[in-house]
Amino acid sequence: MRAIVYSQTGDPDVLRLVDRPVPEPGPGEVRVAVRVSGVNPTDWKARRGARPGERPPFAEMVPNQDGAGIIDGVGEGVDSALAGQRVWICEAAWQRAEGSAQEYIVLPARQAVPLPDAASFDLGASLGIPALTAHRCLTVSDEGPRSLAPGALAGRTVLVAGGAGAVGHAAIQLARWAGAQVVATISTQRKAELARAAGADRAVDYRRRHAVDEIRALAPEGVDLIVEVAPAANADLDAGVLAENGTVAAYATDGGGELTVSVRGLMYRNIRYQFVLVYTVPVEAKKIAVADVSAALADGRSPSAKKPDCPYTASRSSKPLMRMQPSKPGPSGRCWWTSRRLLDVKKNVEPVALSSASPSDFSPWRPVSWWSFLPALRARRCCQLRRSTGGRHPGFH
Ligand SMILES: NC(=O)c1ccc[n+]([C@@H]2O[C@H](COP(=O)([O-])OP(=O)(O)OC[C@H]3O[C@@H](n4cnc5c(N)ncnc54)[C@H](OP(=O)(O)O)[C@@H]3O)[C@@H](O)[C@H]2O)c1
């Protein structure tokens, strides 16, 4: 079988295509025939390493945490009826050498989650890191909820910073599914459209001088929860819009890793800062997240669903590669999923194409034929690669 690997950290040219034996599942494991592999920032940050010359954690690493495919083998102690089950994969490469950028992956059965027939593999490979991170962010407030379902966030206002990002997009969809009013911040009109397509009630340009006033006009009592991608850069904005007892769920260091806050200002209003790393979320909370994301997925696909917004609907396109397609619209016409950053292992990793490709074509951020991206974001993704290799994103997350 074919696999993408790297044995040293660095730019995308450390990635190699190799041939490996098809792995056998061990006790408690399943083997998944990978159809689509998803790429997240965590994957390229790990490949790049935190500092020049850093060794990868294993002698040979297969990248990518997320993916989707079909179970085609089970190990001892696993129900053989699972063979043939379509699944989405999560945290495949966390503390393991085996990510999803290979034709077959063996992993613990609990990390292969059933994917409804109606949901595409593209969609399945878009869920893991973004959706589980978003779920954690939406469930860490002091008063809960710990689990999401329709109505669970009714009466709450959620601010999603960076609503056009992958995690932001998932947060908007899950928050709307759970009944929250959702305000998203964005930086361009195009991103505002993406955030609204995901279900955001309003999109506000966070760079505008009056962003706080605009958000306050929408939520006069303040927002209850902020899903925050850039806690340092947005510290003043967040402090300006939070309601009493509000929570900032901070999951990234975009815009800076040192956070300065007014202790007195936040203390008086009982503000909570909760930091989130998807990998180390408590086991029980992660189980709930997987169940809730699956429920949202099933809900979005249900033909009888009459929700005003149906999250996690799959693309209707039959093409195997990533795209952003309107899915079956609900009454609001807002049932979209931004399926992106996907690698179709089966169809696109052709040795013949690779042998004639230059090493840099292995970059997941370049528009070569076998990596696929949301076309509208392709240019930005290429820029991000350049920025990342320029050291603008120190650290793993
Ligand atoms: N802690 C965890 O478990 C975890 C999990 C997943 C991802 N992450 C990290 O989270 C970050 C985002 O991941 P992603 O996959 O969602 O990336 P992404 O798709 O590139 O989205 C990043 C978003 O952040 C927005 N953004 C940047 N600075 C902002 C600011 N000051 N205010 C508001 N929005 C801002 C960007 O919008 P503009 O371009 O308009 O600024 C963009 O929409 C990455 O650093 C990733 O490593 C962490």
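1. How many helices and strands make up the secondary structure of the chain? In this predicted model, there are twelve helices and 16 strands.

2. Burial and contacts may be taken together. Of the 397 residues in the chain, 49% are buried. When contacts between residues at least 6 apart in sequence are considered, 67% of them join residues at least 24 apart.

3. One peptide bond deserves attention when the backbone is inspected. Most peptide bonds are trans. The bond from Gly144 to Pro145, however, is cis, and its omega is near 0 degrees. Pro145 belongs to the loop that runs between helix 3 (128-138) and strand 8 (157-160).

4. The next two points concern phi. Most residues other than glycine have a negative value. Asn245 has a positive phi, near 65 degrees, and is not a glycine. This residue sits within strand 12 (residues 242-250). Is Asn245 buried or partly exposed? Because 14 C-beta neighbours lie inside 10 Å, Asn245 counts as partly exposed; the buried class would require 20 or more.

5. Asn270 likewise is not a glycine, yet its phi is positive, at about 55 degrees. Its location is a loop, the one between helix 8 (263-268) and strand 13 (272-275). Asn270 has 13 C-beta neighbours inside 10 Å and therefore counts as partly exposed; a residue with 12 or fewer would be classed as exposed.

6. For checking in the viewer, the backbone features raised here are the cis bond from Gly144 to Pro145, the positive phi of Asn245 and the positive phi of Asn270.

Note on methods:
Residues numbered from 1 in each chain as written. Predicted model: local features only at pLDDT ≥ 70, side-chain atom pairs only at ≥ 80, totals over all residues. Helix = DSSP H or I, 4+ residues; strand = E, 2+ residues; numbered from the N terminus. Contact = placed C-beta atoms within 7 Å.
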